[in-house]
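Below is a short report on one protein model.

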Amino acid sequence: MKALSANDLQQMLDEFNEPECKADDAALVSSYEQPLSKLGQTLLDAQRADVTVLEDALSYISSDVLRGNGTIIARDGQAASDYWFGCILAARREYGDAAKEVMRKWSQQSERYGDGSGFEHAWKQHDPNRKKPVTVGSLFKLAQLSGWPGINPNPFKPVETAAVGTRFRLLDRAAIMDQPPLRWRLKGIFPQAGIGAIYGPSASGKSFLGVDLGISVALGERWFSHRSFSAPVTYIMLEGEAGLRNRIQAWEEHNSKQIPPNFMAMAQPFELAELEQVEELAALAPKEGVVIIDTLNRAAPGLDENSSQDMGRVLAGMKRLQEITGGLVLIVHHTGKDASKGLRGHSSLFAALDGAIEVERSSNSRCWSAAKVKDGEDGKQVPFKLNVIELGKDSDGDPVTSCAVSNDIGAIFQAKPPSGKHQIAALSAIRRALGASSSTGQGGAPSGSACIRFEEAVTQSAPELAGVEKKRRAARAREAVQGLVSSGHLHRGLDDNEEEWVWS
């Protein structure tokens, strides 16, 4: 619909000869608080029906949010954190197909909805007969909360145009400090919401590690000294699915307890690049939980992992699943022929991850390390082993076995010598301190292993850094200790009071 000019509005007024109409319109011009006349309401409705009003409001609203379930404004009167779907429904209810391209362009400002498939699905979900539907009034309120001046209640006085670029917000220090902190699902490894990966060569134990991680998160228990925050876990087992029962039974026998009710599994075929399947799985998976897909290869049948286009479809499916569930999506994936090059496939996959664990295997040992951490430390190596658990006999009388994961306190991975004289000096000082320490098993250290607080390790190392200015020794010692942790010469963990400990 064409925007109404002041002359158009005046002409419409002139066509009404009834005095009460003119009086009411005068009241509309002078005050927002007085009730609108029939004509005034008609004019305001005409202005609202113009999609340029919608476009103006949307210029103040970011589309880079979670999908949500149709809510725009929360009960406290503030913006919901996942209002995208609600805005689509509200715009279609008020403007119909006239708003479709406007809403599509708005959605595509976010990479979350850039391919358009999610938008088409959302647009089709509009139900004109729904009771208590979300309305465009909520969309306009959302825009006003972001600084939009609102619909002009006086049709004869244009709304002052905002300065170019006001859809963006510049944050001063106070606003920056008000930003919510990063929330962890597995502290120091995976965030509460995002996408991640566990990857390694075949037979490295990555799937067993994924099962163990998933059950630990469901229980809210520490995982290799990393604190987890309990959440429902959905494990999608697409490779070796016949062994699902055995793996769960082996975990239960090794850990002497049953898996919790909030750990669920699925062993049916599933394709990440098929939007309909992603939507169906997302509807089943608990919200704000963890979905683990084992493996990416089985979830992308027929696709070329090295193709940017095919990998883009896979990533779109992962992001869509994450957006709808509002939680963490993890994939279990393989490395290529050259394991040193990391994840198999197009580089866009690793770039899109919020966290990643790399699993390595030598002839007689295994370890995992944090290959990528969002706002955290990576590179730390953690040795683990697969314990063979006998589960009984099959129909031929042969033993049925599976594996369960545990720490390996033996010298599995022989770390390279410390790099540089500062690390060599620091390691020597820390080993002396560990030899004299009476503290054991703190921060996730194996029972009986001597440990010292991280800050004590820094303090003990600083005097040993010959040739470093005294005022710079503490900083250099801290760097040396952190380097020793990253290289696997030392291990670090948090206790229940969030104090850091190190041990060798």
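E12 pairs with strand E14 (residues 500-503) in the antiparallel sense, over two bridges. Strands here are DSSP runs (E, at least two residues), and helices are runs of H or I with at least four residues, both numbered from the N terminus. Two strands pair if DSSP finds at least two bridges between them. Arg 453 has Trp 501 in E14 as its bridge partner. This is a predicted model: local features need pLDDT of at least 70, side-chain atom pairs count only at pLDDT 80 or more, and totals for chains, interfaces and linings use all residues. Residues are numbered from 1 along each chain as its sequence is written, and side-chain values use heavy atoms, with hydrogens and water left out.

E13 and E14 also run antiparallel, joined by four bridges. Gly 493 stands opposite Trp 501 in E14. The two strands E13 and E14 form a hairpin with five residues between them. In that turn, Glu 498 has a positive phi of about 65°.

## Nonpolar cores

The largest nonpolar core has 37 residues. A core is a set of buried Ala, Val, Leu, Ile, Met, Phe, Trp, Tyr and Cys residues joined through side-chain atoms within 4.5 Å. Buried means under 20% relative accessible area, exposed over 50%, and partly exposed in between (1.4 Å probe, protein chains only). Phe 190, Leu 209, Leu 213, Ile 357 and Trp 368 touch the most other members. Helix H10 (residues 206-219) gives the largest share of this core, seven residues.

Leaving aside neighbours within four places in sequence, Ile 357 is in contact (heavy atoms within 4.5 Å) with residues including Phe 190, Leu 209, Trp 223 and Trp 368. Another core, of 34 residues, lies apart from the largest one; Leu 89, Ala 90, Phe 119 and Trp 123 are among its members.

## Surface and totals

The protein has 17 helices and 14 strands. Of its 504 residues, 45% are buried. Among contacts with a separation of 6 or more, 64% link residues 24 or more positions apart.

Met 177 lies in helix H9 (residues 173-177). Met 177 is exposed, at a relative accessible area of 52%.
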